[in-house]
Amino acid sequence: MSRRMSETASIRSFDSIPTMADVEATLGCVDMNQRYELFSGRLVSFAEVGHPCGHPVFCFLGLGCMRYYSIILEDLAFKHSLRIYCIDRPGVGMSHTTQPESWTPLRMAEIVEEMANGFNIQKFSVMGHSCGAIYAMACALRLKSRIVGTVWLMSPWVHLTLAKRMKWIRHVPTTLLKSQSTASLLYKSLSVAAKEPPCKSDPNILNYDREKLVKAMLQDNMAESLEGANNDLMVCLELYHSFGFSYKDVTLPVHVFWGTKDAVISKEAVDWMEQRLPQCTLSVIEGGTHGLLWRADVVSKIFKGIASSWKLAEFERSLSQRWSIKQLGLNKHHSYRSSTYSTGIQQAIQTSNIYDSQTLYQSQQLFEDPDRF
């Protein structure tokens, strides 16, 4: 049963650069300020952007970022027929807070599962930026059977032992790290690199006046989410406990995007992911910063890959529903080819590294005439 706490409404779209009042009105619309009541009674706030009937995608943002940041994905999500769900973590936005000692990334997977069930979403895709990668990977581990295609990550956060750039934190007394003032200082220093959009020469993701949009989002972000951001920081620093799992435990395909000018995540960290994860593809963006979420070219590739995964999944589901070996009257030879075809489709769905229709076309040809291959 859906426990959505708001009415349906549409985000405003603009043909020209909007004014500050337009930006504030957009961030204040109903779609950007929804709440969901969990069975525990806790409320979580979330935003929905993109195509109203699009394929569902759960997007996990970076350190302390609230749901408002999903607005920059609106146009591209609509273009690729995707519906983006962006959930505020505990203490962020309007989400009820929780004790940081008890909060782990795996609990976010439980929240996603409960919300997906409430919205009658059987299958979905996941993507994450910066420390949001931790939560995306937690979902990939716990909800593997419900995820379509690849896990998409931008500038992913890793364990401190691999980060290379924050070794000094291990020498700071735990009591000092737990203090509100120290946590706030760390959060603000890290969030500068995490939230600052690329320079004006880089591809922008939408036609909003960037300065106005960032100012509005940061003001609302700081007003609502500082407590939650500090809790988020404690998860990143693994102060109370580890993530609860290793990225190496994730067997789904993972595609990582990393910029050469990333001041937060080192090249060694993403190299480790490429080498140690069972299925990992690394795309290096020359000149890219930690804010790849703002890059239209990067997000377009991700959304294109997600859309392709759904097309392949739907094609396979359509075949399984319409045909059977008995109906086709296949002989032994054709049965073997049919099995080979099915395996190929499964591999294509899992890798999801296709940005055109060529693979789908070849799969259709193989089904129609197995002896051609």
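**Entry 1: ground rules**

I took this as a predicted model, in which local features need pLDDT of at least 70 and side-chain atom pairs count only at pLDDT 80 or more, whereas totals for chains, interfaces and linings use all residues. I number residues from 1 along each chain as its sequence is written, and side-chain values use heavy atoms, with hydrogens and water left out.

**Entry 2: confidence**

I looked up pLDDT, the predictor's confidence in each residue, from 0 to 100, and found an average of 75 for the protein, with 61% of the residues scoring at least 70. Residues 6-10 stay under 50, and for them the model has eight contacts (heavy atoms within 4.5 Å) beyond four places in sequence. Residues 331-341 also stay under 50, with 15 contacts beyond four places in sequence. I keep in mind that where pLDDT is low, the predicted coordinates should not be read in detail.

**Entry 3: overall make-up**

I counted secondary structure as DSSP runs numbered from the N terminus, helices being H or I of at least four residues and strands E of at least two; the protein comes to 13 helices and eight strands. Of its 373 residues, 56% count as buried, where buried means under 20% relative accessible area, exposed over 50%, and partly exposed in between, with a 1.4 Å probe and protein chains only. Among the contacts with a separation of 6 or more, 80% come from residues 24 or more positions apart.

**Entry 4: the sheet**

I traced an open sheet of eight strands with mixed pairing, in the order β1-β2-β4-β3-β5-β6-β7-β8; two strands pair if DSSP finds at least two bridges between them. Its edge strands are β1 (34-37) and β8, each of which pairs on one side only. Direction ignored, neighbouring strands of this sheet are turned by 25° against each other on average, the axes being lines fitted to C-alpha atoms (for helices over the stretch in contact) and angles running from 0 to 180 degrees between N-to-C directions. In the β3 part of the sheet, five bridges join β3 to strand β4 (residues 82-87) in parallel, and Phe58 has Tyr85 of β4 as its bridge partner.

How many residues of β7 are buried? I found six of the six, so the strand is largely enclosed by the rest of the structure. Val254, Val256 and Trp258 lie on one side and His255, Phe257 and Gly259 on the other, and both faces are covered.

Strand β6 (residues 147-154) is joined to β7 by four bridges and runs parallel to it, with Leu153 standing opposite Val256. Strand β8 (residues 280-285) also pairs with β7 in the parallel sense, over six bridges, and there Thr281 is the bridge partner of His255. From β7 the chain crosses through helix α9 (residues 267-276) to β8 in a right-handed β-α-β crossover, right-handed meaning that, with the strands pointing away from the viewer, the path from the first strand over the helix to the second runs clockwise.

I then looked at Trp258 within β7 (residues 254-259), which counts as buried because its relative accessible area is 5%. Its contacts, leaving aside neighbours within four places in sequence, include Ile265, Lys267, Val270, Leu282, Val284 and Leu292. Met154 is 104 residues from Trp258 in sequence, yet the two are 6.2 Å apart in space, C-alpha to C-alpha.

**Entry 5: helix α4**

Helix α4 (residues 132-142) is mostly covered, with nine of its 11 residues buried; among these I noted Ile134, Tyr135, Met137 and Cys139.

**Entry 6: serines in loops**

I found Ser70 in the loop between β3 (55-60) and α2 (74-79), where it counts as buried at 0% relative accessibility. Its side chain reaches the backbone oxygen of Arg67 at 2.7 Å. Beyond residues up to four places away in sequence, Ser70 touches Met32, Ala47, Val49, Leu61 and Cys86.

Ser130, in the loop between β5 (124-129) and α4, has a positive phi of about 55° although it is not a glycine, and its relative accessible area of 3% makes it buried. Ser155, in the loop between β6 and α5 (160-163), likewise has a positive phi, of about 45°, and is buried with a relative accessible area of 0%.

Notes. Polar contact = N/O pair within 3.5 Å; in protein donor to acceptor, adjacent residues only side chain to side chain.
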